[in-house]
Amino acid sequence: MIGKISIDLHKVSKTVNLAIPTLAILFFLAGWKLSYYFHFGTIAFALLTLINFFYMRVQTGHALLRNFGLMGQARYMMESIGPELRQYFFANDTEEKPFNRTERSEVYRKAKGVDSATSFGSQHEFDAREVKVRHSMYPILKDQQIPYSLTFGSERGIENTYTIDKPFIISAMSYGALGEKAVRSLARGAKKAGIPMNTGEGGYPKYHLDEGCDLIFQMGTAKFGVRNDDGTLNDAKLSELVNKDSIKMIEIKLSQGAKPGKGGLLPKEKITDEIAELRGVPKGKDVISPPFHPECVGAQNTVQFIAHVQQVSGLPVGIKLCVGRPAQLEELIVEMVAQNTFPDWISVDGSEGGTGAAPKAFIDSVGMPLYPALKTVNDLLSKHGARDKLKLLAAGKLVSPERQMVAFCLGADAVYSARGFMLALGCIQALQCGNNTCPVGITTHDPELQRGIDIDVKSDRVSNYVHNLQHDLEELLSAAGCRSVQELSFDHLYIPSESTLAPYVTR
Amino acid sequence: MNKATSSTISWIAQIGAVVIMGQSLFFKFTAHPESVAIFTDIGMEPNGRILIGVVELIACLLLLRPASAHYGALLGACTMGGAIVGHFTQIGWTGERGQLGLLAVLVFVFCAVILYIRRMDLPFIKVALDESKRRPARED
């Protein structure tokens, strides 16, 4: 190894640790004998010496600091800015998770109404596992398409049906998860775009209601806003809530993609006085909803509960779930058929869902991903003759027209997106949603951070995003030779053998 | 020591430090003869006198805001550290200078108390101190 120049960090830190007190002494001597101004150095290096002593001799929690002192701290400092550095400089355009730069840029462009044409080929790996849409040899013109329309509740023949004319819905994000300005921007944007918005399970949807857009009230397992003290449904409160004009539908959340099998979680950092009041919960500790509705402990009473909510509310009522074991889901569908009671829609949330705060083990490894789950639900419903009794919604990273198109081919009637709309609001994927420190003011209640959001500008972005999604969807439909999303089918997909959908292909 | 007691003690120390440093600012900024004499002795007259005065003023302002009191205490302790070094080397402890020196020591102690009470606010220190995050090993 002679002649090789290398940096031995152990020696560097030893030298630094010796240099700091030495410099303190030298500065002291210089301050004493040359100029008093040198004592600024004396004090600074004396302070560093003290900190170093504390690191190496007093504290016991960090071995690195005990062994190397201040130089060890350099590691923690560098590490703390790692995510930013990777995002700014080092990560390539298709490797970040959950959304890579190309996916994020696509949403930003759609939200700002900028042309998203790209040149010289795709960034995707073509011979890998990505599902592609099969186009038709005989595309149709856009004006040959049937205008989109979907009516919830029509199967039951109820009075208060609800019709959407664009297949996009803002997915469940509560006031609590999001700050006031983000909620207002989304709600105002939804109104401008003419799409409904799901309130999330945050209790009385004060700010959602303020903006006057159509709302789907989500009833989580804790039933914030409509609960009795024992966690069961308070019929009177529900009736009162559904009297509000804006509330068009009710969604019962059985489980959620980010944490299937676990209740909602609002970290204590994000619980303000107002949120504590709207939800009826104490401040200062995490609010963890129960993992299930007390009314729903089996297929039979789950179906009865759906019927009960339908009867009390008089509105279309859907359920949201992340698929775990298909056999259990089949049991539920069989029970629906037996009782001749169906929810007005089922929202299938893929396990890639992610706006909710959740333990890492749950976010990473519980539940079926959207594509196979959606296919499974659609197949099971068809098998039991129940597919035409209800609508099917899909959620799970459906931020781009490509993925949404796949969901429609798998049987979805409309698609939910939460993170797509957060990106449209300007989310930069800082991954701090649970810390109340969101740098762009979306998932925080800190007024200083929310200051960055201009509701008028951001609501326009939401609206632009919807219109551009619709534009791309129509183009894709024309290319596939279909007049509506209902004409899309599994056969419109090219599925490589590496895909999670491969087992469903009959070859 | 519970939270209310430690908060009270911290506030007493903050006010004490601000009052003592604050009144000395008056002498520094108005070029009081004794102040000028001291800074002449250590070769910092007049710029150093104004500079130290400004630093002390900043420390006082920081000390009065709960969110920044720990930084004020750190700045105050460092400034007083410099003053105490001066008393031991060039300024001395005779007569009025002895009193001034003792006041510097007193402010230093106040600042040290504030820093101890608010240690969980200190960057570089709190990470190594975060006792709340330490969980004893399970023994079953």
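Author: Let us begin with the interface, keeping in mind that this is a predicted model. On the side of chain A, 17 residues are in contact with 21 residues of chain B, and the area buried between chain A and chain B is about 1600 Å², with carbon and sulfur atoms giving 76% of that area. In chain A, the residues that lose the most area to chain B are A:Tyr36, A:Tyr37 and A:Ile43, which together account for 40% of what that side buries.

Reader: Turning to the rings, why is the pair of A:Phe28 and A:Trp32 called tilted?

Author: The centres of A:Phe28 and A:Trp32 are 5.9 Å apart, and rings pair if their centres lie within 6.5 Å. Their planes stand at 45°, and because planes under 30 degrees apart count as stacked and those over 60 as edge-to-face, with the rest as tilted, the pair is tilted. Both residues lie in helix H1 (residues 9-33) of chain A, four residues apart, which is about one turn of the helix.

Reader: What makes A:Trp32 count as partly exposed?

Author: The relative accessibility of A:Trp32 is 34%, and since buried means under 20% and exposed over 50%, with partly exposed in between, A:Trp32 counts as partly exposed. By that reasoning A:Phe28, with a relative accessible area of 27%, is partly exposed.

Reader: Why is the pair of A:Phe421 and A:Tyr465 edge-to-face?

Author: Their planes are at 85°, and planes over 60 degrees apart count as edge-to-face, so the pair of A:Phe421 and A:Tyr465, with ring centres 5.2 Å apart, is edge-to-face. This pair links distant parts of the chain, with A:Phe421 in helix H16 (residues 419-425) and A:Tyr465 in helix H18 (residues 455-480) of chain A, 44 residues apart. Both A:Phe421 and A:Tyr465 are buried.

Reader: How do you know that B:Ser10 counts as buried?

Author: Its relative accessibility is 1%, and buried means under 20%, so B:Ser10 counts as buried. B:Ser10 has its place in helix H1 (residues 3-29) of chain B, where its side chain makes a polar contact with the side chain of B:Gln14 at 2.7 Å and another with the side chain of B:Arg118 at 3.1 Å. Not counting residues up to four places away in sequence, B:Ser10 touches B:Ile114, B:Ile117 and B:Arg118.

Reader: And why does A:Leu329 count as buried?

Author: A:Leu329 has 8% relative accessibility, and because the limit for buried is under 20%, A:Leu329 counts as buried. A:Leu329 is found in helix H12 (residues 326-339) of chain A, and, leaving aside neighbours within four places in sequence, A:Leu329 is in contact with A:Leu321, A:Val323, A:Val377 and A:Leu380.

Methods. Residues are numbered from 1 along each chain as its sequence is written. Chains are lettered from A and ligands numbered from 1 in the order in which they are written. This is a predicted model: local features need pLDDT of at least 70, side-chain atom pairs count only at pLDDT 80 or more; totals for chains, interfaces and linings use all residues. Side-chain values use heavy atoms; hydrogens and water are left out. Rings of Phe, Tyr and Trp (its six-membered ring) pair if their centres lie within 6.5 Å; planes under 30 degrees apart count as stacked, over 60 as edge-to-face and the rest as tilted. Helices (H or I, at least four residues) and strands (E, at least two) are DSSP runs, numbered from the N terminus. Buried means under 20% relative accessible area, exposed over 50%, partly exposed in between (1.4 Å probe, protein chains only). Contact means heavy atoms within 4.5 Å. Buried area is the accessible area (1.4 Å probe) that two parts lose on being put together, summed over both. A polar contact is a pair of N or O atoms within 3.5 Å; within protein, one must be able to donate a hydrogen and the other to accept it, and residues adjacent in sequence count only if both atoms are side-chain atoms.
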